[in-house]
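Here are my notes for you. Have the structure open while you read, and take the points one at a time.

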Amino acid sequence: MTLSTEQLMDCYRRMRRIRTFEEKLAELVGSGRLAGFLHLYAGEEAVAVGVCEHLGGRDYVASTHRGHGHAIAKGVDVAGMMAELFGRATGTCKGKGGSMHIADLDKGMLGANGIVGAGIPLATGAALSAQVRKTGGVAVAFFGDGASNQGQFHEALNLAAVWKLPALFVVENNGYGEATPMEFVTPVRDIAVRATSYGIPGVIADGMDFFDVYAKAGEAIDRARRGDGPTLLECKTYRYFGHYVGDPLTYRTKEEAEAWREKDAIRHFEERTVRDGVMEPGNLRRIDAEVAAEVEAAVTAAEQAPLPSAESVLTDVYASETRR
Amino acid sequence: MSRQLPMVAAINEALHVALASDPTVIVLGEDVAGGGGRQDQGIEEAWGGIMGATKGLIKAFGAERVRDTPISEMGFLGAAVGAALTGLRPVAELMFIDFIGVSLDPLLNQAAKLRYMFGGKAKVPLTVRTSTGAGLRSAAQHSQSLYNITTSIPGLKTVIPSNPADAKGLLLAAIRDDDPVVFCEPKSLMFKKGEVPEGDYMVPLGKAALAREGGDVSLVAFGAMVDVALAAAAALAEEGVSAEVLDLRSLQPLDEAAILATLAKTGKVVVVDEAPPRCGIASDVAALCVDAGFDSLNGPVRRVTAPHTPVPFSAVLEDAYRPTAARVAETVRGMLG
């Protein structure tokens, strides 16, 4: 699986878009321009983009409370996302969802999810749907190390394995469930070993290395498309901003955070591709500037966009509108 | 010559019709095939559900569309929600509504809310069939009437038939509805026969039915309590009291107009519910009568419900627990004084 320069440029653009989007959100919250409870994906970009580069229009992803990165990687429009975060009528979800519920079914994005672990059976069901409808599609569940202690994780993996569903379970192991270090609550070092209980492959990838994630996700997705069933892919990674914007980060050391930043996925992507002569720094800087402008424009548009009407609180509850 | 079928057979017919008429319909749940689909061992079909409601489906429609699940309600209900979100029309069986205790998140936080949270850009055409109610000596964890929980969750619909004909038509309507519907099957009615029309028909969600006309008092009931109300009405008729019986059929959407219409006609309402009294359907209907029908009321709204206790096992205890026609009739006599 080799990527063309064009594909590499696109992957870089999406990773940069995630990073810039998230850094902009941290800035907006810090300056009081944006309210809300935001869980930022910055630091984990190689996972979302490395996996989603294998996905197309017939494929699905189900995400988590830390969902902006998955949405962007799957192609959801950042202007709509930004408007959603500002609670505007023009938002991806018309202002009814917010950060933890951004979804875009047209893009196969089944939603961020405020319930830890709940996206895993949703993706399993999307995989069932793909299998029954014979679309050739696959479904990916992204979730954190904390979710792998939820019953939904175990029940969904069991079901997906026994039905050989075209699913990929991607655990983004960032070492913490909220403020609690993984080793306090999880008796195994590698979550990938939990695959053994369900008779499916458990694979570990370096979540800071786009190429490692891309290669291992590719094998797993090919396997799923062939009808050979799901894989549990554990990506070791780190969330730069902690659990949420405003997290005092009292549970981790500066040294630890700096050590992970040394492994920064985007910088390493650039170093490797430039060294290999497939990318030019000038092109990457041009992408950086385009992405920065795009995100800035999204903020400006969102701030100027109309708010939802108060009456719209009553709509979209049922497909067949019903009063009570 | 009308056909008499038990409710379980009417449900089975509805599932056959639904699967035959729409390739996106699938059936999944514990024992829904029950070990069928092993032609190599001479086992084409087996249990077909704990009550036999799904019998014959795997033989007719195959193992891809009729799936035995692990005993893993949260996992398979969650998957059913995901499948509904992505182009299938799943009919999941939650064997007993009591098991909602280990599987509520897919209904509470996913199925009910996805459409709203996504700004109306999703639909979740999921049906959850589940058995409800007491009467089979199944004790506290297999006899509850927890439809008040699902009714209370915005985004879900909840229906409950009182007879086989409605069971077939309501189930077909539920499966073809684009919203998540909890279809309650009163287990004490599953083997009671009634007339069932042939073919494909639907009973609309949100429409109550008059089970008996009368002018002196309105008995509002649903599910297994409709028979109880009808028996009370028959006893009262012998005393010269004319009781109307309204079968709600649908708890959400609720046919408020039908409730207020019967209230306007009689001025007196008794709500019969086999669930405990607190935060339940009987209280909800009583509140509606007082809120929106106060001027028509000619006396207090009465509720006949189970006590605020778990469902007991011993026959004498369970019979004391469930509302009876005698209690309903006695309540009416007290109101007419």
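Predicted model: local features only at pLDDT ≥ 70, side-chain atom pairs only at ≥ 80, totals over all residues.

1. Residues are numbered from 1 along each chain as its sequence is written, while chains are lettered from A and ligands numbered from 1 in the order in which they are written.

2. Chain B splits into domain 1 (4–195) and domain 2 (209–336); such bounds come from an automatic or database domain assignment. The C-alpha centres of these two domains of chain B are 27 Å apart. Their contact involves 26 residues of domain 1 and 24 residues of domain 2 in chain B (in contact: C-beta atoms, placed from the backbone, within 7 Å).

3. Now look at the side of domain 1 of chain B that touches domain 2 of chain B. Here α6 (147–151), β6 (157–159), α7 (164–176) and β7 (181–186) of chain B each give at least two residues. Helices (H or I, at least four residues) and strands (E, at least two) are DSSP runs, numbered from the N terminus.

4. Next, find the open sheet of five strands in chain B, ordered β9-β11-β10-β13-β14 with mixed pairing (two strands pair if DSSP finds at least two bridges between them). Why do β9 (209–212) and β14 (302–304) of chain B each have one side without a neighbour in the sheet? They stand at the edges, each with a single partner strand, so nothing flanks that side in the sheet.

5. Zoom in on one pair: β13 (residues 269–272) of chain B runs parallel to β14(B), and three bridges join them.

6. Helix α8 (residues 225–238) of chain B touches β9, β10 (217–221), β11 (243–247) and β13 of chain B, and its direction makes about 170° with that of β11(B). Helix α10 (residues 281–293) of chain B touches β10, β13 and β14 of chain B, at about 160° to β13(B). Axes are lines fitted to C-alpha atoms, for helices over the stretch in contact, and angles run from 0 to 180 degrees between N-to-C directions.

7. Finally, the chains: 42 residues of chain B are in contact with 37 residues of chain A. On the chain B side, α3 (73–85), α4 (104–111) and α5 (114–117) each supply at least two residues, and the largest share, ten residues, comes from α3(B).

Key
Contact = placed C-beta atoms within 7 Å.
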